[in-house]
Amino acid sequence: MWIVPEAQIASLMTREAAFTAVEQVFAAMARDEARNFPVVREALGHEDALYGFKGGFDRAGKVLGLKAGGYWPHNLERRGLINHQSTVFLFDPDTGQPVAMVGGNLLTALRTAAASAVSIRHLARPDARVLGMVGAGHQAKFQLRAALEQRAFERVIGWNLHPEMLPGLAAVAEEVGLPFEAVPLEGLRAADVIVTITSSFAPILMADHVSPGTHLACMGTDTKGKQEVDPQLLAGARVFTDEVAQSISIGEAQHAVAQGLIAEADVVQLGRVITGADPGRRSDQEITLFDGTGVGLQDLAVAAAVVDLAIAQGKAIRVEV
Ligand code: NAD
């Protein structure tokens with residue numbers, strides 16, 4: 001079995017490799033060649049931690065495994081560790097034997113950013129020039145870097161509940177030579193693409209903050225009760241997701257479905273656009289919305305890619321089991 005430690009991931013995994021792995025597995029899901037298993041997520045009653053498993057099997061890519069981990073809210077203050085902690089375990093689908101154990105922290109950020117980037121590649125207007133960000137935390141910088149590679153963006157605008165965090169986004173925009181401007185929520189009407197990545201439990205972005213033709217990648221809502229956007233936005237948009245069952249139960253669509261504004265059948269798997277089974281955006285005026293809930297198969301796809309890279313570069317550790 002191979003071990004790829006967390007410390008090696010940054011020097012191995014690229015945004016391009018993460019994008020390709022996630023795009024391919026979304027397509028495999030749409031072709032019913034890959035499926036996610038039910039998510040387990042439990043409050044441990046210890047250290048206020050949330051812990052769980054996200055697993056799946058990609059028959060096309062021959063990747064079987066799970067990501068185990070969660071959120072330990074006191075890690076940073078008490079131990080200087082990041083609060084999100086996860087590890088991916090891969091198994092040989094032919095024999096059930098363990099194949100690899102891979103650090104999952106950086107991979108989670110890369111695969112989440114890759115998912116919204118895949119949605120932008122396939123759903124944003126080709127002439128999108130202004131990128132809007134809602135949220136400025138740990139994930140937001142990864143989201144911004146990946147999104148900027150998808151269109152010829154000319155400027156970035158952003159809003160965050162805690163405005164003192166926005167310079168972090170400005171620095172990322174600067175890295176690629178783009179201007180960044182902090183705006184009120186109404187200012188997001190100027191955006192052609194908007195990424196939301198907050199831990200909000202109430203709508204932030206309202207329908208009148210979004211112009212016709214915009215593509216939204218809503219990435220923060222991954223748990224029951226979380227919410228970033230006005231359900232009316234979903235009612236007026238074409239809604240896409242990684243996994244329909246998750247979208248309507250723990251994703252942004254949970255609220256619009258509960259209020260009867262949209263039905264499960266209105267939510268389209270992004271993989272169907274990638275495979276050509278769904279047309280995706282149908283006009284320059286349509287609002288498209290990707291509800292990115294985060295699926296186990298994304299984690300397995302990027303972990304499998306990084307194991308291949310680590311073995312090729314002699315950076316994987318081999319242990320006998
Ligand atoms: P973080 O703690 O680093 O940042 C949180 C962000 O949310 C900050 O911008 C903060 O200002 C903002 N915020 C906090 N409370 C808010 C509130 N009440 N209203 C509006 N904004 C608020 O977290 P992070 O690691 O950047 O993660 C952001 C979100 O993304 C979390 O909800 C996390 O669970 C989610 N996430 C989703 C996926 C996925 O696959 N969809 C993957 C990883 C993380």
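A backbone N or O atom of Gln139 lies 2.8 Å from an oxygen atom of the ligand, a polar contact in the sense of a pair of N or O atoms within 3.5 Å. The model is predicted, so local features need pLDDT of at least 70 and side-chain atom pairs pLDDT 80 or more, while totals for chains, interfaces and linings use all residues. Residues are numbered from 1 along each chain as its sequence is written, and side-chain values use heavy atoms, without hydrogens and water.

Ala136 also places a backbone N or O atom 2.8 Å from a ligand oxygen, and for Thr198 the distance is 3.2 Å. Taken alone, the ligand exposes 860 Å², of which the protein buries 81%; these areas come from the Shrake-Rupley method with a 1.4 Å probe.

Around the ligand stand 24 residues, and Arg111, His138, Asn160, His162 and Lys226 come nearest. A residue belongs here if one of its heavy atoms lies within 4 Å of the molecule. By class, this shell has 6 nonpolar, 15 polar and 3 charged residues, with Gly counted as polar.

The ligand sits in the largest pocket, meaning that more than half of its atoms lie within 2 Å of the pocket's grid points. A pocket is an open set of points on a 1 Å grid over the protein atoms alone, where a 1.4 Å probe fits, with protein on both sides within 12 Å along at least five of seven lines; lining residues have an atom within 4 Å of a point. The volume is about 1400 Å³. Of the 50 lining residues, Tyr71, His84, Gln139, Asp222 and Lys226 are the closest to the centre.

Notes: A polar contact is a pair of N or O atoms within 3.5 Å; within protein, one must be able to donate a hydrogen and the other to accept it, and residues adjacent in sequence count only if both atoms are side-chain atoms. Grid points are joined across faces, edges and corners, and a volume is the space filled by probe spheres set on the points.
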